[in-house]
Amino acid sequence: MLPWWFQNITLMAQIEATQHRSDLKSFALNWLPFIILVLAGGFYLITLQPALAWGDGARIQIEAITGESFIFTGLPDEMFTGGPFPFAKLGVAAWDHPLYVYFGYGLVRMLSFANPLWMINFISALFGALTITLFYVLCLKHTNSVGAALLAAFSLAVSHTYWFHAASPEVYTFLTFLMLACLYFYDRFEETGKFSYLFASVLVFGMAAATHVLAFLMLPAFGLFCVIRFFKGERERPAANQLLLLPLAFVLGFAPYLIQFLRMLGVFNPTDVAESVIGIIFLESSLGITLGFVLESIGMYFFYLLLQFNPLGAGIGFYGLWKSRDGFWRRNLFLYIVYALFGTIYRVTDQFAFLMLAHMFFALAIAKGVAVLLPKLHGNRRRNFVFANAVLIVAMPVLYTFLPSITAKAGITDETLGIPSVGVEDVRSGITYYANPNKYGDTSADEFGRSTISALPLDAFVVAEWYTDTDEYLVFDYYARVAGLRPDVEVAGWMLEDPFTFDSQIVVDEIEAQLAERPVYLASLSEEFYNASYLMREYCIVPEFNIYRVYAQEPTHDAAAVSCLSAP
């Protein structure tokens, strides 16, 4: 038998160890989320786009600042029955985001002293950091491993697509936060059985759906999860009278979308509204599925996945998916499958963005994989495993920084990837913009738009069809119309014309009509949309102010002192 004093020492050591573990758990639960929020928020703010963005980011900025869908820009206000309330011209197409626009518009109006472009960009950084924090909390809860939760959270935080959308004006971090909040409240409902958590989960789901229609893809994943639960004999807890309140919760969250939907029905044909809701134009382009298409899509998906999480992280994630066989993890597996399949098959120009939600659920699987593997590793193996993951996570931002130069040395250019040039002098490197999420100090769109619009002669007419010259149209539209820098300049984008059946004769006829009355410019020399070869034969086209001026004859001394471009 051990002496009493040794027993007391042993007991004190056990108490101290228990207290130490309790302190660590308290730190992981109470302080680490705050530290992660500060670190992630600081990281995204430092690398945040400072002003006007390129591409879809500029569209998001314009819509949130004006409270209107860019596609309705040229339509008269009298067409829309908005009454005295704002958002009368905010649509419900697949690319519209009513709740996000409500929030962004309100924030800009509330903080009117701040730069509106930066405020919209700030939304991405704010909800990007909040998402990472909530992501960590969910990982910690379901792995009971601080190491697994931290590795997974930081993997997602610096992954290419997530970082890109947290540092530029996009809707996706706003959406990911709402979707994770929906999962969090549902998780709490399953844990406690309290109906208030289920009500909150459905309410937030409605808010997510009012932000982006992608949120509805949660339904088939949850449906499959519930079917399996039913066949396993697991029962839902809420009573029938409580279930009747769930539609109310959804309607409350989904209200911004419903309001705008009813408004659009008062203006447009119901069939047209319904087709825009599901994005029929882009969906039809994804329906011609062939074996080659499938193989190409799968290859592209795995390329994007490795670009996010490196080979080790990807391997751990798939291992985590394999181990996801019950409860929270099984639900996450179904969500990953649904979003990965959709993001792979739905082919659009910014397809990488539609995979972001699948990447988030995959990152959750990384936490599961690490949590399963760590207890099996001991000593140096455990330390090496953690060290290797940490090094590769830190290495990913470095890779993104050098990726543009790597692709250049490999002979890959914007033209190779189908990224259109911007301006006569090609003022933007598309590969750099999209490959490197770090947007610190990137004012190229701002400088191009401001300098070009400011230099144009009085009452200029700029041809920039929105689909082929997306960047030019949005940048010019912002400075000419939204910022009011040149209200006399008209930017023609033909937003209501189907870009897949666009007739270039529309542009040719418009140029002929406008040229007698005002200066006319082309954003690019698109053959498909502008019949540029015909225009160069019939008119004198001269590079001017980094776009193209159209003259009825050779320019005089007071125009451009260069010769006319010839048709190829």
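## Salt bridges and a charged patch

Glu-490 and Arg-518 pair in a salt bridge, with 2.9 Å between their closest N and O atoms. The model is predicted. Glu-490 is partly exposed, because its relative accessible area of 36% falls between the 20% and 50% limits.

Arg-518 has another partner. Its side chain also meets that of Asp-459 in a salt bridge, at 3.3 Å from N to O. Asp-459 lies in the loop between α21 (444-455) and β1 (461-463), and Arg-518 in the loop between α23 and β3 (520-522), so this pair ties together parts that are 59 residues apart in sequence. Is Arg-518 buried or exposed? Arg-518 has a relative accessible area of 13%, under the 20% limit, so it is buried. Asp-459 counts as partly exposed, at 33% relative accessibility.

Arg-331 forms a salt bridge with Glu-190, and their closest N and O atoms are 3.3 Å apart. Arg-331 belongs to helix α15 (residues 327-345) and Glu-190 to helix α7 (residues 172-192); the pair links distant parts of the chain, 141 residues apart. Arg-331 has a relative accessible area of 2%, so it is buried under the 20% cut-off.

| Pair | Closest N to O distance |
|---|---|
| Glu-490 and Arg-518 | 2.9 Å |
| Arg-331 and Glu-190 | 3.3 Å |

Which residues does the network of shared partners contain? Salt bridges with shared partners join Lys-141, Asp-187, Arg-188, Glu-190, Glu-191 and Arg-331 into one network. How many salt bridges are there in total? The count comes to 14 salt bridges.

Like charges also gather at the surface. Glu-497, Asp-503, Asp-509 and Glu-512 form a negative surface patch. One of these, Glu-512, lies in helix α23 (residues 505-515). Glu-512 has 51% relative accessibility, over the 50% limit, so it counts as exposed.

Conventions:
Residues numbered from 1 in each chain as written. Predicted model: local features only at pLDDT ≥ 70, side-chain atom pairs only at ≥ 80, totals over all residues. Heavy atoms only, no water. Patch = residues over 30% accessible without salt bridge, like charges linked within 9 Å, V, L, I, M, F, W, Y side chains within 5 Å. Areas by Shrake-Rupley, 256 points an atom, 1.4 Å probe, with all protein chains shown as cover. Salt bridge = Lys/Arg side-chain N within 4 Å of Asp/Glu carboxyl O. Lys, Arg positive; Asp, Glu negative; His and termini not counted. Charge placed at Lys NZ, Arg CZ, Asp CG, Glu CD. Helix = DSSP H or I, 4+ residues; strand = E, 2+ residues; numbered from the N terminus. Buried < 20%, exposed > 50% of the residue type's maximum accessible area, 1.4 Å probe, protein only.
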